[in-house]
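Take a look at the picture before reading on.

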Amino acid sequence: MNEVVFEAKNLKKHFFLRKSLKDTFQGKAAPVVHAVDDVSFTVKKGEIVGVVGESGCGKTTLGRVVLKLLEPTDGSIVVEGQDITKLSPEKMKPYRRKMQLVFQDPFESMNPRLDIYSIIAEPLRIQGLDKNEAEVEAKIRKTLEEVELKPADEYIYRYPHELSGGQRQRIAIARALVLDPEFIVADEPVSMLDVSIRGEVLNLMLRLAKEKQVSFIYITHDLATARHICDRIVVMYLGEAVEQCSADELVYSPLHPYTKALISAVLPPKPQKDGIKVILEGEVPNAANPPSGCRLHPRCPIAQKICTKESPKLKDVGNNHLVACHFAKK
Amino acid sequence: MKKRGFWPNLLKFSQEFISKPQGRVGLFMLAIFLFVALAAPIITKYDPIDDLYLAESMAKPAWVRVFPDNRNLPVTVHAKLGLHSWKTNSQFNLKSDEEIGENGFSFEVSPEKQTELLYQFRFESDPPGTFNFETQYLVKAPEDNTTTLALLMISPNGKEWPLWKKTIYGSEDETELLIDSRQMNLKFQLGLTMFDEVSQKVFQEKGNYKIVLRASTDGEPAMISFIPVAVNIQGKLHGVLGADHMGGDLWSQLVYGTRISLLIGIVAALISVFIGTAIGIASGYIGGFVDEFFMRLADVMLSIPSMPVLIILSALMGKSIWNVVILISLFSWTSTARIVRSQTLTLKERSFVEAARASGASKSYTMVVHILPNVIPLVFASLVLLIPGAILLEATLSFLGLGDPTTPTWGRMLHNARSFGAFTSGSWNWILPPGLAITFLSLSFVFIGNTLDDILNPRNRERS
């Protein structure tokens, strides 16, 4: 449980926008979107790490950068002790086997012209593991059963459009699992599913983490589900990680005002008067032009003068609880 | 045991296609053209290029006789008088003889009685311009025999016109015989002046005409063989669509033109779609410099007026239909490339492409396995829509005289019609059919293409 399978160190991803003609004449620099700014975290074997934040905070970009589907602007990605940040696509290929991806939209994530067999066999074929067709088929059946699509015969030659959203998402997980990866980036895997099916898919992820020791990076905007399955949670705001600690600690003693606001926004099963009530005002600022200092300060209820000038560093307040706020105290 | 969804999908697709009126009409029209193209040798017996002087220059179709004005115009007659055509006096036996040629016949002639082969036909119109007889004969007789052969026509009033007479001593090898009504010596032989027209005199009356082949010999009996006698009377009315300036058959030109138009249209469209798809996928998926290069190239190709360039190039490259095909393909790949590129751009962002990338798929793998099958329906629709363009371009080039003069195409028909005065003489039978054929063939492809586009284009389809 303590073996680190993945480590992100100071990851940055900036998107450079096109300069307008006016800006060119005025000699201004091209606008840059800071989608991911200096995010670090580690994933241990069999651990589920949640990345939580509102829309546009850069969590999906983070997922893509982690898998090197987008080249990071700065920082490094370490898989099993090996830095893969600068590897060429050819040399990346064996590492691709260790890291897989599950998408948000189960209707978009499969080629409509391929049947389930071909969809799940594809990663094996790409990785050149399809020498023996009987083995491939056995592997596909085993994987289908692992994601609780039983009996496999009933699904194996069907087409994606013949399946429900939940079934498709299981197929997507099966496709990720078929290579026996070390960790899977699950990008909002349940947000497009009916509430009744979400639990099943989340429990499937939990079971896979326990039984197969597969680590997950679970990207979501839903703190409730994150708390349900995650061991650790990273909270992101405008491209920055603002708080990082174990799931229970985050929910019961959040330190960052933004985390507090997120938790306040979750509807409690039993409405109660007390509890944390932090409500943020205004909109998320433009990521191409973030506020100076602490990025939350225009919306923060406890902001002081220092917040507008100095960007708070991520600091450990004990028990591996990291938080980036000038006023955070245990 | 593997259930593949191809055939059920195809069935569903064809049902959907047939359910649309436009698709039905387009398919029906195309089926007719395809039938005409495939069955061309059955539909018409003339060669569109080599068979000339079948009728008088610019003859009208035969069926215009139903109009009172045309009732007396002479109709073209092409007959081959073989074994079974002739009536004979029963003194000798007429039998088949393949030795001299196909469907040949022979008979024995003895000194006792001269023999006569007779063919009778009705002719009920004004005299034709010209006529001719064409055959080959062979005589086998002892050395000292004298054999006389003659061919004559007998008018309804009983007047005999000795068109040909020959005296043969002993045997004679295969000899060609051509009697043309315009020959000067024939005129003198018939006692006419050089300014008379034989056909005017011979066919003066209406009624039953007889063609008679007469033979006599002295001494021993002689064997005489003929190949079927070809009788050609070049009238002012001819066939289904009449004749062009050289007496060539317009109907056969139209029928064989269907083949060429379909061939050129489909091959040119296939080539340009192939180029367009490859370029579209490559520039859409790879992007960057490749994209920039091909799209600017496409812009250039689009902004160059293609007609003048095609005219110059086809003049430089020479007259061949394959040059035309290549030129047309070079100028029509751009639209496909643009459509495919834009579709590739959206496909590229779809999650399944990213999933393949996350598994380590190379660019070429992704393009072939994920992008190509998903743009094929679109490509198919654009293929069908490119065909009429190619057909029209080919017709245009041929019309301008830049096509291959030895290939029967609709454009060439129109070119000849324009060059040889069909427009001024009001030869609607020469101008309208190729024009309408081009229109309807193009229209059938446009109908089919529109229907395909309706069904296959993702823009018009809900997510399935």
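Helix H11(B) bends by about 50 degrees at B:Leu372, and a proline, B:Pro373, follows within four residues. Keep in mind that this is a predicted model. Just after H11(B) comes B:Gly401, with a positive phi of about 85 degrees.

Now to the place where the two chains meet. On one side, 24 residues of chain B take part, and they are in contact with 30 residues of chain A. Here are the totals for the pair.

| Chain B with chain A | Value |
|---|---|
| Area buried between them | about 2400 Å² |
| Share of that area on carbon and sulfur atoms | 50% |
| Salt bridges | two |
| Residue pairs in polar contact (both at pLDDT 80 or more) | 11 residue pairs |

Which parts of chain B supply at least two residues each to the side that touches chain A? They are helix H10 (351-358) and helix H11 (363-399) of chain B. The largest share comes from H10(B), with seven residues. By residue type, that side of chain B divides into 10 nonpolar, seven polar and seven charged residues.

Key:
Residues are numbered from 1 along each chain as its sequence is written. Chains are lettered from A and ligands numbered from 1 in the order in which they are written. This is a predicted model: local features need pLDDT of at least 70, side-chain atom pairs count only at pLDDT 80 or more; totals for chains, interfaces and linings use all residues. Side-chain values use heavy atoms; hydrogens and water are left out. Contact means heavy atoms within 4.5 Å. Buried area is the accessible area (1.4 Å probe) that two parts lose on being put together, summed over both. A salt bridge is a side-chain nitrogen of Lys or Arg within 4 Å of a carboxyl oxygen of Asp or Glu. A polar contact is a pair of N or O atoms within 3.5 Å; within protein, one must be able to donate a hydrogen and the other to accept it, and residues adjacent in sequence count only if both atoms are side-chain atoms. Ala, Val, Leu, Ile, Met, Phe, Trp, Tyr, Cys and Pro count as nonpolar, Asp, Glu, Lys and Arg as charged, and the others, Gly among them, as polar. The bend at a residue is the angle between axes fitted to the seven residues ending there and the seven starting there.
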